[in-house]
Amino acid sequence: MSAGRVYTLSFSFNFPEHRCQVPALSKSTSSGQATPEHIGGGNKTRLLDAANLCRSLGATAAVDDVSIHLQRGDVLGLLGLNGAGKSTTLRMLCGMLVPDSGTVSIAGYAMSEQPLKARARIGFLPDQPPLYNDMRVHEYLRLCGQIRGLKGALLARNQAFITEQCALEEVNTKLIGNLSKGFRQRVGLAQAMIHEPDVLLLDEPSNGLDPQQLDTMRTLIRAYAKNHAVVFSTHLLAEAQAICNRVAIIHKGKLVADTTTDGANLEELFRRSIL
Amino acid sequence: MIGIIARHEYRALVQSAQTWVITTLLALLFGFLFLRQLEAFLNVQDQLALQDYPVGLTGFMSAQYLQPLALAFSFVAPLFAMRTFSDEYQKHTYALWQSSPVSSTSLVLGKYLGLSLFVLLLVLLASGMLLLMQIFIPIDLPVVVTSAVGLSLCALASTACGVFFSSLTRHSLIAIIASFALIIVLWLLQSANFGNLPLQAIQNLSFANHLAGFFQGYLQTADVAYFVLLSAMFLALTIVRLDLLKQTGY
C-alpha cells in the first residue's frame, strides 16, 4: 500500500486459533425451527439469516422487506445507488439499528434475543472507520480485541496475526490520527476482523483507496471469506464482480435482485434492476 | 468488560490537554482558597477560642475551604464528562461500541467509573492539603473524612449528570450548558421562595441542603442516599437513552 512495498497475504486466512464456534445448529433460529439448510454442515453452514427487514427513517421507507441469507464461504456484494438503503441494511445486520419488522440471526443467535452473543460473531467496518485518533494502532487493536472478549495469549496472537495480514507493522506504534486514508481503512478492517467474526460486514470498504490498496483489500476479503461470510456494500460493479460470489441489488429500499456472479453481466443486471 | 471500558475512558481523559488545563486551574483554586482560609483562621483564632464551643482548625477549614469547593466540583465534573458520548457520536466511534458485544449498561458504567476515578483523585488532592496539616498539628480526622465523602458524592452526582447530557447530543457544548443549567437549579432550590405554594418539599432536592451535614462531620443516610440516587437516576437515564438510539439511529 505504501510506495515501494508489496504486501503478500496469506490466502488461507486461518487465525492462529479458532475462537468463534458456531453454536449448536439444532438451535431454533429467529425464523423458527432449524431447517435442513441450517444443518447443512461442512463448509456451508448458514451464518447470517436476515428475514423481511423493514425500517423507516422519518416518513421514508429506507429498507423495505429485505431478506439476506449467507453461508460460510459466501461473499455478498450489496449494490445500489447512493441512498438506496445499503448502509441502513448493514446497520440492522450488525445490531446498531433495530428493524421496524423482520429478524436478524447470526450463527443461530437472534439479534433481538441474544444481542451480545450475536454481536460477538460480527465484525463491522462502517463507511467512516470508528477510529480514536489519539490512540496508537496497537493500543486500538488491543482495545478492540478486549471488548470482543479476547484476552491473554489469544489476544496477543490474534493481534499479531491481523497486524501482519493487514500490513500494519510499520505503523503499529503510530498515532491513528497521523495515518493516511489507506492505513486508516486498513486499521478499520483489522478492528473488524481481530476477533475472527463469523460474519464480516463492510460498508464501502474501498472508499478513498488507490488501485494498489484496492487490490490488497480485495485479496484480504477473498481470503477471509473462505472460512467465513462477508457482506460488503459498494456502488462499484467491477469491485463486486471481482470479489463476490453473490450480489444483491437494493433500490429504493427494496431488494430487487439476489443472484450469483457466475457468468452474470452485472452492468446489465444492475441497469435492469433499477429501472 | 466494565474495567476495560473504564481504563479506556480514564486513559482518554488523562491524555486530553483540556483535562490538564482544567485540573491546573482547579489546583490553583485549591491552593488559593486553602491559604486564604488558613490566614483567616490565624486572624480569628483568638476570638474563636473565647466561644463556649470553640471551632478548631479542621472544623473551620472544612466549612470555609472544603465546602465552597463542592460548588467548584459540581461545575468542573461535567466539564470532564461532557465529551463522554458527544465525542463518540461526533467522531463516529460510537459504532465500535454498538457493533461489539457490549451492553449499554456496561458501556455507561465503564465510562462513568473511568471518569469517577479521575474526579476522585481531584477530591483526594483537595482533601489532602488539609490532611497534610497533620504533620504540624493534630487534626480532627473524621471531619475531614466526612467532608471528603460529601465532596466526592457531590462531584460524582455532577459527573453522572454530565454523562447523561453528553449522551443526548453530539455537541459537547450543548451537553455542558444543559448540565450547568440543571446543576444551577439544584443549587438554587435551597433559596427558592415558593410563597404560599405547598412546594417546600422541593427544597429537599437541593445540593446545598444535603451537603451541609458532611462538612460538620455528620454522615447521614438521607444525604448519602440523595446523592447515590441522583447519580443512579442519571446513569439509568443514560442507559435508556443509549438503548433508544438503536430505535432512532444517531
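Guide: One term to start: helices (H or I, at least four residues) and strands (E, at least two) are DSSP runs, numbered from the N terminus.

Visitor: And what are the ground rules here?
Guide: This is a predicted model, where local features need pLDDT of at least 70, side-chain atom pairs count only at pLDDT 80 or more, and totals for chains, interfaces and linings use all residues. Residues are numbered from 1 along each chain as its sequence is written, chains are lettered from A and ligands numbered from 1 in the order in which they are written, and side-chain values use heavy atoms, with hydrogens and water left out.

Visitor: How many helices and strands are in chain B?
Guide: Chain B has 10 helices and zero strands. Its pattern along the sequence is α-α-α-α-α-α-α-α-α-α.

Visitor: What share of chain B is buried?
Guide: 51% of its 250 residues. Buried means under 20% relative accessible area, exposed means over 50%, and partly exposed is in between (1.4 Å probe, protein chains only).

Visitor: What about contacts in chain B?
Guide: A contact means heavy atoms within 4.5 Å. Take the contacts between residues at least 6 apart in sequence: 76% of them join residues at least 24 apart.

Visitor: Which residues pair up in chain A?
Guide: A:Lys254 and A:Asp64 form one salt bridge, at 2.7 Å from N to O. A:Lys254 is in strand 10 (residues 254-260) and A:Asp64 in strand 2 (residues 60-71) of chain A, so the pair ties together parts 190 residues apart in sequence. A:Lys254 is partly exposed at 43% relative accessibility, and A:Asp64 is partly exposed at 25%. There is also a salt-bridge network that links A:Asp74, A:Arg246 and A:Asp258.

Visitor: And in chain B?
Guide: B:Glu9 meets B:Lys111 in a salt bridge, 2.8 Å from N to O. B:Glu9 is in helix 1 (residues 2-14) and B:Lys111 in helix 6 (residues 104-131) of chain B, so this pair ties together parts 102 residues apart in sequence.

Visitor: Are B:Glu9 and B:Lys111 buried or exposed?
Guide: Both B:Glu9 and B:Lys111 are buried. Another salt bridge joins B:Asp87 and B:Arg83, at 3.0 Å from N to O. There, B:Asp87 is buried at 18% relative accessible area, while B:Arg83 is partly exposed at 28%.

Visitor: What lines the second largest cavity?
Guide: The lining includes A:Arg119, B:Tyr94, B:Trp97 and B:Leu242. Helix 5 (94-98), helix 6 and helix 10 (221-248) of chain B each supply at least two residues of that lining.

Visitor: Which helix gives the most?
Guide: Helix 5 of chain B, with three residues.

Conventions. Salt bridge = Lys/Arg side-chain N within 4 Å of Asp/Glu carboxyl O. 1 Å grid on protein atoms, 1.4 Å probe; cavity = no way out; pocket = protein on both sides within 12 Å on 5 of 7 lines; lining within 4 Å.
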